[in-house]
Structure formats: structure tokens, C-alpha cells
Amino acid sequence: MKYLEKLIPLWKPARAFLPWVLLGAILIVAFYIRIQGVPNIPEGQFTGNDPYVHYWQAQIVSEQGRLPARDMRRWLPLGRDYEQSLNAYAYGVAYTHKAIKVLFPNVSLYQVSLFSPAVCFVLGLAVLCLFLFRSFGLLFSSIVGIFLATLPGIVERSAAGFSDRDSWCLMLGIFAVTTYLASLQTQSSRWRLFLTLASGFSIFLGGMSWEGFGVFVSVILVMELWRFITSEEDKGLRLYSLWVGTFVPTLYLASPAYRSGEGFTKHLFAFVLMPPLVLLGIRALRHFLITKSSLAEKLRPHARNLSLGLVLASFALALGYVWMQLGTSVGSASSPVSS
């Protein structure tokens, strides 16, 4: 490296720009791969079935400001209850189009819908690569970036024209996980607060977009659960409480699907909102027992064992709930209302 710096005087300052150049190249390649088929798509058409539904919903939001309570074009004569579906993607497309029209009046809602999968994927990939670069270095982040940019299965579901909510939900999931992990790494209290709120807000948007968004929440919960079991003191309890408070009450209040779900949304509260609340409860309980209770002096040396006991008890209760609700889950999955 020293010989290279002597031979090429500009190598040292140029080295600082190398990660950005490489990241930019990966993102450009990823975007180019996903828009190659656009010239072959007829005007006004998409490459799947669901994109037409999302585009139609975005049109309604763009024209009326919100979706009606019921979709009377399907499941007649009662129609489909929009309060039981999670349609944040349609709102995202509609309001993104309104924002773009301020600068580019000729851009249509169809064009925004057409290119949204590729744009969302590239944004999510950019945030993921930046996080991996800061955490593990340029080589690892580049390998992951190239792999995700060219993986055939991912390319198919994030290509322009597919226009489903997959890329949107993946982007929000990456935002939620990376910002939360970054908040644990930073030393700045203000930056940590901002990243925690950003993670919670991303989960709120994701929870309003997809019934299975709890899979991204579980990534954070597994990490927090490991920290809880292996630590003597419960550090970060306030920030975790703030994170939970950012999306749990807002999702519960924003969508009836989390309060009284039907079909595929029947168990949303139990599987998306309940786990972070339970972890908050056992963390708060351990903090109280080892710091403020009358048994604090006796329990403090056994904090890890106490954590493990609380976790095992919570898992036993969760398994009991799943066992009792197993029949209703099967019934809701086969119900015609959920299809």
C-alpha cells in the first residue's frame, strides 16, 4: 500500500471515495438489471395480477385522498372490508406521485407504480450496504450487495413492472432492522434517539403494509432477547420502551385489523404486537426485581438465571396460546373471506 501511495500520489485521497464509487456502481447495476424489461411492457400494463389492484387503489387515494371503507367491486354483494387489509403501499405510491409532480408535472401515477419496485429495492439495498460497510468493512458489504443485486429470485420480484408491495416491504424491513442496530452502535444520545424513532416508524409503515411484517420485528426481538439473557444489567430499557411505544399503540389505533382481525389478520395483534410488549414486560420486571424490590440484594447476583427463567415462562405461555388457537388459525387460512 505504501508503494502504491508513492507511485500514485492521489491514491490516498482517492481511497476515501472508493467505497462510495463501488456502492454507486452496485446500485446502478442493480437498478439497470430491474428496468431492462420496461420497453417490452405495453403502456398501462404490468407483469402480474396484484399490481393492477395496487395501482387501482393508488388511483383512488390520489383522487379521493383515502380508500373507501369497502371495496364494492369485489366480493359482492357485501364488498371487501378495506379496514381488514393493510394498504399503506397504495398510499405510498399515491403520495409519492403527488410529491414528484411538484418538480416533474409530466410524470404519471402509472410510471411511479411501474418503477416503484426497482426504486424501493435500490433504496433498501443502499441502506443495507452502508450499514454493513460501517459494521464489517467494504469487502463484506460489497459481496452482499452484489449477491442481492443479481440473485435471480430477488430480481424477479423487484423488477419494474412487477409493481407489487414486496420491494416496498423489504425496504421498510431493512430500514427498521438497520436503524435499530445502528442505534445500538452509536455513542451519540441524540443520534441514538433519532435512529430508534426511525426504526419504530419504519415498523409502523411496514405493519400497515403487510400482514407478515412481524418477521422483521422478530429479527430485532431475537437480538434483544439474547442481550437480555446474557447481560447482568438491563441497559437500553428506556430506548427499547420508546421503540415499542412508537409502533405498538399506533398500529393498534390506526388499523382495526390489529384490534379485531378477521381471516389472515385474525392473529396480527398476538404475533406482531404482543411479542415486543411481552419482552418489555419481562425486562421491566427483572429491572424492578434486581434494583428496587426487597429481594434485590439476593437476586442481583443471579440476574442471568432470572432472565432465563422469565424467558422460559414467556415461551411456555406463548406455546400454550398457539396450541389453543391452532384450530382457529387453520380455519381462518381456509376461509374464503381471507382469499
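**Aromatic rings**

A search of the whole structure finds 13 aromatic pairs, a pair being two rings of Phe, Tyr or Trp (its six-membered ring) whose centres lie within 6.5 Å. This is a predicted model, in which local features need pLDDT of at least 70 and side-chain atom pairs count only at pLDDT 80 or more, while totals for chains, interfaces and linings use all residues. Residues are numbered from 1 along each chain as its sequence is written, and side-chain values use heavy atoms, with hydrogens and water left out.

Select Tyr252 and Phe269. A pair of aromatic rings is described by the distance of the centres and the angle of the planes. For Tyr252 and Phe269 these values are 5.8 Å and 65 degrees, an edge-to-face arrangement; planes under 30 degrees apart count as stacked, over 60 as edge-to-face and the rest as tilted. Tyr252 belongs to helix H11 (residues 237-254) and Phe269 to helix H12, so that the pair links distant parts of the chain, 17 residues apart. Helices (H or I, at least four residues) and strands (E, at least two) are DSSP runs, numbered from the N terminus. Tyr252 is partly exposed at 35% relative accessible area, and Phe269 is likewise partly exposed at 28%. On this scale, buried means under 20% relative accessible area, exposed over 50%, and partly exposed in between (1.4 Å probe, protein chains only).

Next, select Phe46, Tyr52, Tyr55 and Tyr110, which form one aromatic cluster.

**Charges over rings**

A charge sits over a ring if NZ of Lys or CZ of Arg is within 6 Å of the ring centre and within 35 degrees of the ring normal. Then select Arg283, which lies over the face of Tyr240 at 4.8 Å from the ring centre.

**Cavities**

The structure holds two cavities of 30 Å³ or more. On a 1 Å grid over the protein atoms alone, a cavity is a set of points where a 1.4 Å probe fits but cannot get out, and lining residues have an atom within 4 Å of a point. Grid points are joined across faces, edges and corners, and a volume is the space filled by probe spheres set on the points.

Begin with the largest cavity, whose volume is about 100 Å³. To display its lining, select Pro19, Trp20, Leu22, Leu23, Ile26, Cys129, Leu130, Phe133, Leu138, Ser141 and Ser142. Two or more of these residues come from each of helix H2 (11-35), helix H5 (109-136) and helix H6 (138-150), and H2 gives the most, with five residues. By class, the lining has nine nonpolar, two polar and no charged residues; Ala, Val, Leu, Ile, Met, Phe, Trp, Tyr, Cys and Pro count as nonpolar, Asp, Glu, Lys and Arg as charged, and the others, Gly among them, as polar. Cys129, named in this lining, is buried at 4% relative accessible area.

Move to the second largest cavity, with a volume of about 30 Å³. Pro51, His54, Tyr55, Tyr89, Val93, Ser113 and Ser163 line this space.

Now centre the view on Ser163, in the loop between helix H7 (152-158) and H8. Most residues other than glycine have a negative phi. Phi of Ser163, however, is positive, near 50 degrees. Ser163 is buried, with a relative accessible area of 3%.

**The second largest pocket**

A pocket is an open set of points with protein on both sides within 12 Å along at least five of seven lines. Helix H10 (214-230), helix H12 (268-291) and helix H14 (303-333) each supply at least two lining residues, and H12 gives the most, with 10. The lining divides into 21 nonpolar, three polar and no charged residues.
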